[in-house]
Amino acid sequence: MIAKNIQLDEQGRLKHFLSIEGFKRQHLVNILDAAEPFANVHEQAVKKVPLLRGKTIVNLFFEASTRTRTTFELAAKRLSADILNININTSATSKGESLLDMLHNLEAMHCDMFIVRHNQSGAAHLIAQHVSPHTSVINAGDGCHSHPTQAMLDMFTIRQHKKQFADLRVVIVGDILHSRVARSQIHALTTLGVSEVRVVGPKTLIPTQIETLGVHVYHDLQLALVDADVVIMLRLQKERMQGALLPSENEYYSQYGLTEKKLKLAKPDAIVMHPGPINRGVEIASSIADGPQSVILEQVTNGIAIRMAVMSQTLGRSSDRSAEPARTGGQQ
Amino acid sequence: MSDITQLTAAISANSPAISIINGRLIDPANQIDKQINIHLQHGKIIALGDPPKNFTAQHIIDASHQIICPGLIDLRFRLREPSYETKGSIASETRAAVAGGVTALCCPPDTMPVIDNAAMVKLIRLKAETEGLAKVYTLSALTQQLQGEKLSEMRELKNAGCVGTTNALKAVKSTLVMRRALEYAASHDITVFIQAFDPWLSDGCAHEGAVSTRLGLAGIPVSAETIAIARDLQLIELTGAKAHFCHLSSAKAVQLIQQAQNDGLPITADVTAHHLHLTEMDIGFFDSNCHVLPPLRTQRDQDALRHGVKSGVISSIVSDHQPHSSDAKLAPFAETSAGISGVETLLPLALKMIEAQGMSISDVIARLTQQPAKILNLSEGTLSVGADADVCIFDPEAWWVVDRKKLLSRGKNTPFHGWELKGKVTYTIKSGEIVFATETHAN
């Protein structure tokens with residue numbers, strides 16, 4: 001049985017943003033187009049636009065994050081929404097309050113949107129299935145599953161530099177197994193129709209049957225980099241040295257770290273991306289991270305525009321709710 | 001033990017005289033499949049065909065267009081009592097069992113406290129006798145507290161009524177302990193039930209494959225199952241123990257079992273009804289009702305399991321009934337409890353094998369009655385004259401839609417909600433007592 005795509009409402013408009021999977025190319029292009037005007041908001045003297053005035057957005061982070069949480073917060077503020085940051089470390093949920101109990105408590109405070117980060121795959125889907133009908137959910141990263149706004153800001157950045165997706169050869173390097181960013185990027189890149197996606201890493205960090213997502217698998221970075229247009233480096237978590245996934249940081253860097261010498265194998269105008277935070281000298285040489293081919297800081301800036309686009313598309317949709325029949329009960 | 005046996009005898013002696021007429025009687029153990037009447041009295045089957053002289057039926061059940069078969073025997077069933085009564089109790093879950101046509105069930109020892117002493121066995125059997133509607137058999141813990149270190153008193157436990165022994169969902173990591181346990185069980189002719197998985201490769205929640213990769217879920221590879229089966233088969237050969245492998249999930253597992261059976265090892269195997277009808281794809285977007293152990297695997301695996309059932313390599317189909325409270329399934333997928341509330345869909349799902357695999361209805365019924373009885377070494381699972389009057393009557397053509405809210409089990413955790421299934425139990429009789437009747441038939 002094919003599950004229905006809960007990310008779209010009955011009119012086919014964006015309701016939740018949980019994973020790239022399930023969207024058609026036009027949906028993704030619409031989001032990228034919608035982000036264009038927001039990309040310039042920061043250049044204006046007054047950075048705010050009044051699109052979401054009166055809306056309440058909750059940043060619900062069950063897992064630590066600086067960049068993602070901050071860019072969501074800034075995006076919400078620039079759209080004139082009220083935003084509440086709730087950081088829940090795992091010890092708080094272990095007091096016995098379940099994820100959904102906590103959610104229902106917050107819903108009782110009349111919020112319009114939850115931005116959720118959780119260390120378990122599927123958490124955002126679970127929440128989206130249990131919120132009241134007018135509430136939207138944006139996935140800010142769930143376990144190893146999905147991080148769709150990160151993938152979209154990466155696509156936005158690629159489009160700024162490369163214009164056309166069709167001819168691109170994109171290389172994703174590192175810990176694909178644990179990476180929600182890589183999974184979302186793969187879905188986004190294949191949906192937007194790039195010519196080839198290559199994933200690179202040792203077998204210990206490449207999940208089984210990743211080929212079924214439409215990528216080619218490489219274990220040798222130098223082979224994979226040949227003629228690449230875009231090189232995406234993934235963060236390597238230190239804890240991967242435990243559990244026999246990797247022998248050492250040194251060996252990892254010598255095999256899969258991006259150095260200037262290796263980067264020369266890619267096309268001369270190739271761009272280098274990284275979702276951050278960077279481990280300099282573990283997955284990428286400092287000279288590249290700070291070098292002319294790096295677009296890492298642009299990614300951060302674009303993160304705000306993409307998140308503004310996604311928020312305004314989902315919540316802007318419900319602003320015409322006045323046209324819908326009023327809900328009964330009056331408790332909401 | 002004797003006090004419980006006496007209690008059972010006293011209760012069934014008072015059971016009414018029942019005649020079941022006009023039905024198609026299928027008893028695989030005696031190779032009967034024909035329209036014939038059957039008569040019950042004092043908790044026993046007393047005649048097939050014409051009633052004995054001086055027999056006056058207090059109840060006559062008209063089973064026209066229905067099938068009369070032995071009460072089903074479910075090899076793996078969690079009652080949740082003692083200790084997890086929010087999920088289920090002996091009363092609630094045996095009620096669900098008889099609604100599914102199951103008259104005897106076998107519960108593993110991973111209750112709390114663990115069934116590793118005779119007092120626990122007696123407690124459960126006594127509670128089942130007084131509060132339960134189905135016969136409850138227990139497996140003893142293979143090792144003390146299921147910790148995989150010291151052997152349990154499995155002979156004492158057998159004397160107390162255990163019909164086999166198992167370490168359930170706790171792997172016996174030490175090959176040496178497993179060897180000793182098999183040797184000891186073999187000395188006392190006790191069947192060892194093995195749910196085979198390598199604990200180091202099983203730190204996941206879904207089949208390691210395309211779906212786990214897509215959803216970012218930690219995977220359990222097929223080799224987690226085959227490594228453990230291969231190890232235990234070697235030890236079975238070494239020790240001469242009798243063993244039963246529970247819940248095969250992969251094509252390769254079926255192959256290993258078949259090979260070992262061909263080599264003459266005394267082993268049997270079962271499969272759950274849900275593994276015959278679901279695959280990893282059914283997880284969709286994190287449907288926690290499809291979170292089961294062993295995990296649902298690929299279409300190829302499902303095909304092989306079905307073939308295994310048809311060929312007899314897998315000789316019984318079980319529900320692996322695991323009721324959960326709704327909270328246990330309302331969490332991110334990996335954090336939910338594994339298991340399905342399965343007993344009420346066991347029969348219709350098994351019957352689907354007739355169309356799916358071209359099995360005869362008699363063979364399907366054998367996988368639910370005669371074969372599990374043989375594995376447990378029970379006298380049930382047949383409609384022979386003199387046997388306990390455990391009978392299931394069902395309408396093989398009745399369609400019904402599974403509605404989780406209507407399940408009698410305390411656990412509403414079924415992935416089959418909304419499925420249209422064929423085959424509905426109309427009466428269940430345990431030891432001569434009508435313990436279940438559908439509303440349309442009860443009067």
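Predicted model: local features only at pLDDT ≥ 70, side-chain atom pairs only at ≥ 80, totals over all residues.

Trainee: How many residues of chain B are in contact with chain A?
Mentor: On the chain B side there are 18 residues in contact, and they meet 26 residues of chain A. Between them the two chains bury about 1800 Å², with 60% of that on carbon and sulfur atoms.

Trainee: And which residues of chain B lose the most area to chain A?
Mentor: Those are B:Thr213, B:Arg214 and B:Phe285, which together account for 34% of what the chain B side buries.

Trainee: What does B:Arg214 form a salt bridge with?
Mentor: Its partner is A:Glu21, and the closest N and O atoms of the two are 2.6 Å apart. By class, the side of chain B that touches chain A has eleven nonpolar, three polar and four charged residues.

Trainee: Which residues in it are buried?
Mentor: In H2 of chain A the buried residues are A:Thr68, A:Thr71, A:Phe72, A:Glu73, A:Ala75, A:Ala76 and A:Arg78. The helix is followed by A:Ser80, whose phi is positive, near 70°.

Trainee: Now A:Leu221, is that buried or exposed?
Mentor: A:Leu221, which sits in helix H8 (residues 221-225) of chain A, has a relative accessible area of 1%, and it therefore counts as buried, being under the 20% cut-off.

Trainee: What is A:Leu221 in contact with, leaving aside neighbours within four places in sequence?
Mentor: Its contacts of that kind are A:Val173, A:Val200, A:Gln255, A:Tyr256, A:Gly257 and A:Lys262. Separately, A:Gly201 is 20 residues away from A:Leu221 in sequence, yet their C-alpha atoms are 7.5 Å apart in space.

Trainee: Last one: where is B:Ser202 found?
Mentor: B:Ser202 is in the loop between strand S13 (192-194) and strand S14 (206-207) of chain B, and with a relative accessible area of 17% this serine is buried too. A polar atom of the B:Ser202 side chain lies 2.7 Å from the backbone oxygen of B:Asp198. Beyond its neighbours within four places in sequence, B:Ser202 is in contact with B:Phe197, B:Ile220 and B:Ala224.

Methods. Residues numbered from 1 in each chain as written. Chains lettered and ligands numbered in written order. Heavy atoms only, no water. Buried < 20%, exposed > 50% of the residue type's maximum accessible area, 1.4 Å probe, protein only. Helix = DSSP H or I, 4+ residues; strand = E, 2+ residues; numbered from the N terminus. Contact = heavy atoms within 4.5 Å. Polar contact = N/O pair within 3.5 Å; in protein donor to acceptor, adjacent residues only side chain to side chain. Buried area = accessible area lost by both parts, 1.4 Å probe. Salt bridge = Lys/Arg side-chain N within 4 Å of Asp/Glu carboxyl O. Nonpolar A, V, L, I, M, F, W, Y, C, P; charged D, E, K, R; others polar.
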